[in-house]
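The sequence and the structure are shown first.

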Amino acid sequence: MVYSSINTIRQLQYNYSVDMNKKIIYVKVEGNIIVSEGAEMGLFFRTKALELGCKLYFDLTETHNSISMGSVYFWFEHRYGDINEKFRFINTAYKVNDEQDKLYDFIQTVCFNQGIRTRIFTNENEAIDWLMSK
């Protein structure tokens, strides 16, 4: 595994590791997710995933998502669509807390409807199993 130090983007902190055997980038995020910081972090990890041929696992259990449903609906189109259409095909699993499960259920539905390979989980093992099956 390759490890990174803790990084901070204003209100967010994250650290990550890369498991090249499983081809998964594991990201642990803490703090308040707002549009600009979430987009910046997402762009960084989607780019890294493409470069390394990896899938993404985000642990968001220690975050609060402040992104509106309207922004969520147009997220891919406005944040990543013009940068690299291949971002859509990176298998991405999010482990979330119960506090915001409704928002993340909406995110999963939007992604599914737009052909973006994203699934939401409350259990890490189920998330990793899903990533390994893809």
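Helices (H or I, at least four residues) and strands (E, at least two) are DSSP runs, numbered from the N terminus. The model is predicted, so local features need pLDDT of at least 70 and side-chain atom pairs count only at pLDDT 80 or more, whereas totals for chains, interfaces and linings use all residues. Residues are numbered from 1 along each chain as its sequence is written, and side-chain values use heavy atoms, with hydrogens and water left out.

**Overall fold**

The chain contains 5 helices and 7 strands. Their order from the N terminus is β-β-β-β-α-β-α-α-β-α-β-α. A contact means heavy atoms within 4.5 Å. Of the contacts between residues at least 6 apart in sequence, 71% join residues at least 24 apart. A residue is buried under 20% relative accessible area, exposed over 50%, and partly exposed in between (1.4 Å probe, protein chains only). Of the 134 residues in the chain, 46% are buried.

**Nonpolar cores**

In soluble globular proteins, nonpolar side chains tend to be buried together. A nonpolar core is a set of buried Ala, Val, Leu, Ile, Met, Phe, Trp, Tyr and Cys residues joined through side-chain atoms within 4.5 Å. The largest core here has 26 residues, and those with the most contacts inside it include Ile25, Phe45 and Phe58. Among the elements that give two or more residues to this core are strand E4 (24-33) and helix H1 (35-52). A second, separate core has 9 residues, including Ile24 and Trp130. Ile25 touches several residues, among them Tyr16, Phe45 and Cys54.

**Aromatic rings**

Rings of Phe, Tyr and Trp (its six-membered ring) pair if their centres lie within 6.5 Å; planes under 30 degrees apart count as stacked, over 60 as edge-to-face and the rest as tilted. By this rule there are 8 aromatic pairs. Two of the pairs are listed below.

| Pair | Centre distance | Plane angle | Type |
|---|---|---|---|
| Phe44 and Phe45 | 4.9 Å | 80° | edge-to-face |
| Phe121 and Trp130 | 6.1 Å | 45° | tilted |

Phe44 is partly exposed, with a relative accessible area of 34%, whereas Phe45 is buried at 0%. In the other pair, Phe121 is buried at 13% and Trp130 is buried at 15%. Phe44 and Phe45 also belong to one aromatic cluster, which includes Tyr14, Tyr16, Phe58 and Tyr94.

**Cysteines**

A disulfide is a pair of cysteine sulfur atoms within 2.5 Å. A search of the whole structure finds 0 disulfides. Cys54 is buried at 7% relative accessibility, and Cys111 is buried at 11%.

How values were computed: Lists of a residue's contacts leave out its neighbours within four places in sequence.
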